[in-house]
Amino acid sequence: MKRILTLTALMAAALPLIPAAAQAEALFWSTQAKPVEESQAMREQVLAGFAGGVDYQGMDNGPWLTRIQAELQAGNGSIAVLGGLHGDLTGLEDGLMDLSTIDTSGIGEAMLALGALGTDQQLYLPWMQATYLMAANREALQYLPAGADLNALTYDQLIAWAAAVHEATGTPRFGFPAGPQGLRHRFFQGFLLPAYTGSTVTEFRSADAVEAWGVFGDLWAHTTPASTNYSFMQEPLLTGDVWIAFDHVARLADAFNQRPDDFVAFPAPAGPKGRAYMPVLAGLAVMKTAPDAAQSMALVEYMLRPETQIATLRATNFFPVKAVDMPADMPASVQAFAPAIATMTGAADALPALLPMGLGDKGGQFSQIYTDTFEQIILAGRPVQDVLDAQAEVLRALMVEAGAPCWAPDAPSDGPCPVN
Amino acid sequence: MPRALPYLLLLPATLFLGVFFLYPFLNVAWDSITRGGEMTLANYQRMASHWKFSTAFWNTLFLAALVVPIQLAMALTMASIVTRLEKGRSSILYIFAIPLGISDLAAGLIWLAIFEQSGFLNSMLYGLGVIERPILFLSYQNPVVILIAIVLAEVWRATAIMMVILVAGMGLIPKEYGEAAEVFGASRWQRFIRVTLPMLKPSLQTALILRVILAFEVFAVVMALGGTQFPVLMSETYNWQFVMQDRGVAAAYAMVILGISIAFTLVILRLLHVPKEARI
């Protein structure tokens, strides 16, 4: 009898817990902050303050998109909020809710406009932004060619610098993230090709493009061959194998945070057509199949609060999308990157080259074209013009198949972006 | 009822195979010959026209041609040793079989830890004063080293599965044959070639089919050691499905792997055929 009483008491005590447990955690389905440490930081430092709890899942693009398509096809789902790059979210227009009811004060108009995805609704809200930068070990600075300004380098000066370091130390010490998970394709799409051709797609096989690949070949001569194994440049920078590197800010941050006094960050070099760079914008969206729309909206609103934006910056090294008061104790990487980004984006010859858009699930194939071109020209040493001609055909077929119009810096097109 | 019992007992396994093997297989086959809902060979054309296809195809065959004979020779040696042993037989068998318990990705990572720029091999050579600075072994400039590393990892990882099958097969051969040959003055080598090998044909068949098919499906070890520098059919399949998100072309790759697996299985079945009357 006594036992039954205890049991009943226990059950009565447990009852009030049940409704709380039944209210599911909001599923945050994201292509960003994938590395384990970043996901953990998102959960513990950014999302812990959201009432009801958030299950943050950082996924590769393939599985990320597969589940979204499955939930949209089924007509119901469990994903509360989507997080992805502008390019990830383009193509999902039909499945996303209008978010114009959420307060967006402080976010730049141009950035907000991107969130319409070509419709008249606010299909995603800017979440965080980043870009790619150059980083160098301070030891390398003594070899900088005479007359070169670190904040306004040209590609020729960069090559001369890398060559001087190579000659002085006996090893090539320029580093490039050409590993399987490296962001090499972004360098070609947003930096090298636009700087020489003023275009990412249209001038793919022009004489200017041939020149650009020739320039990269010269740079490659002073690039460490281990580059084909590098995914994150912060690691070889820290070991000292690499002295000058290009990568995404989130993949350079560790080096600056661990040894702030040893590294400098500086803008990407300029070519004849300008200082091309690729801004990276991540957005938050809510699917029409979200289980609890009010909860999803609340989570998006929570992500845009200044204190959450700063927590996100600490967790992911992605910068806020609106002006926030930076605390003085921000990590060394933020203090190093902020002025370099400002110099690059504010340069007189700045040429922003956006991430691919309108490609939907063809984004991977689009990037593969640039990776294939690199592997054939630089690694396999095939004739530049032949490779460009062959890959241009693949690129044209892909643009037609995806029906994607041109994006900056290519001139706007009516139909699919043409490849000359 | 007793007559139906065997079929009833087979039913769960059959259902399982049907649902989780046959149905997905038919789906993949269908995906490979359709594009946008229409029957077409476009997927195969796209696959064959991609510049990495022939490299991946020949790499896969070359790797199998290199790995399987080495493994066969080693497995035969190891199985003979184990069969002869009087003492400690099971201990040796367990030790030989340890790599079997390790997943292929883990095996790839173990060998990566050896060959990496900051890996064990470099540390050892540096510690011994043989080299002045760590050497980059797994670079795109030395495809041969990447190949050797992959072959080593594969041999280390998957020889034991052949050995286990061959040990079982050798246990089935009646001792009398060997003893009779010995009486007639056959040397050890002659007995191995003339008695053991022919009697072992059925086990050899199983072991070879299993190994050859697995060799065509090699993936994790290659990814760990070679990254994108050593394309094989399986890594290209993965690439098309998950990086380029083109299911049709990925399915076409899968069908190519299936095709060569079936072709080689038939060849092995034919070469190592044992007439029914000649079986033990």
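**Figure 1. Surroundings of B:Gln245.** B:Gln245 counts as partly exposed because it has 19 C-beta neighbours inside 10 Å (buried: 20 or more other C-beta atoms, placed from the backbone, within 10 Å; exposed: 12 or fewer; partly exposed: in between). The model is predicted, with pLDDT of at least 70 required for local features and 80 or more for side-chain atom pairs, while totals for chains, interfaces and linings use all residues. Residues are numbered from 1 along each chain as its sequence is written, with chains lettered from A and ligands numbered from 1 in written order. In chain B, the loop between helix H12 (233-243) and helix H13 (247-271) holds B:Gln245 (helices, H or I of at least four residues, and strands, E of at least two, are DSSP runs numbered from the N terminus). Although B:Gln245 is not a glycine, its phi is positive, at about 50 degrees.

**Figure 2. B:Tyr177 and chain B as a whole.** Helix H8 (residues 175-183) of chain B includes B:Tyr177. This residue has 16 other C-beta atoms within 10 Å and is therefore partly exposed. Apart from neighbours within four places in sequence, B:Tyr177 is in contact with B:Val195 and B:Met199 (contact: C-beta atoms, placed from the backbone, within 7 Å). B:Arg133 is 44 residues from B:Tyr177 along the chain, and 58 Å separates the C-alpha atoms of the two. Chain B as a whole contains 13 helices and two strands. Along the principal axes, its C-alpha atoms fill a box of roughly 75 × 65 × 30 Å. Of the 280 residues in chain B, 31% are buried. When contacts in chain B between residues at least 6 apart in sequence are considered, 72% join residues at least 24 apart.

**Figure 3. Packing of helices H9(A) and H16(A).** Helix H9 (residues 207-220) and helix H16 (residues 384-402), both of chain A, pack at an angle of about 120 degrees, and their axes are 10 Å apart (axes are fitted to C-alpha atoms, for helices over the stretch in contact; angles run from 0 to 180 degrees between N-to-C directions). H9(A) and H16(A) are therefore oblique to each other (under 35 degrees is roughly parallel, over 145 roughly antiparallel, 65 to 115 roughly perpendicular, the rest oblique). The crossing of H9(A) past H16(A) is right-handed (near helix turned clockwise from the far one by less than a right angle; left-handed if anticlockwise). H9(A) contributes A:Ala209, A:Val210, A:Trp213 and A:Gly214 to the contact, and H16(A) contributes A:Val384, A:Gln385 and A:Leu388. By class, the residues of this contact are five nonpolar, two polar and no charged (nonpolar: Ala, Val, Leu, Ile, Met, Phe, Trp, Tyr, Cys, Pro; charged: Asp, Glu, Lys, Arg; polar: the others, Gly among them).

**Figure 4. Packing of helices H7(A) and H9(A).** Helix H7 (residues 155-169) of chain A packs with H9(A) at an angle of about 20 degrees, the axes being 9 Å apart. H7(A) is therefore roughly parallel to H9(A). The two helices, H7(A) and H9(A), form a left-handed crossing. On H7(A) the contact is made by A:Tyr155, A:Leu158, A:Ile159 and A:Ala162, and on H9(A) by A:Val215, A:Asp218 and A:Leu219. The residues of the contact of H7(A) with H9(A) comprise six nonpolar, no polar and one charged.

Figure 5. An automatic or database assignment supplies the domain bounds, and chain A is divided into domain 1 (24-130 + 280-330) and domain 2 (132-278 + 349-402). Taken over C-alpha atoms, the centres of the two domains of chain A are separated by 29 Å. In domain 1 of chain A, 12 residues are in contact with 14 residues of domain 2 of chain A. Helix H4 (61-74) and helix H5 (86-89) of chain A each supply at least two residues of the side of domain 1 that touches domain 2. That side of domain 1 of chain A has five nonpolar, seven polar and no charged residues. A:Asn317 is located in the loop between helix H13 (306-316) and helix H14 (332-346) of chain A. A:Asn317 counts as buried because it has 24 C-beta neighbours inside 10 Å. Its phi is positive, at about 65 degrees, although A:Asn317 is not a glycine. A:Ala51 occupies the loop between helix H3 (36-46) and strand E2 (54-58) of chain A. With 11 C-beta neighbours inside 10 Å, A:Ala51 counts as exposed.

Technical notes. Contact = placed C-beta atoms within 7 Å.
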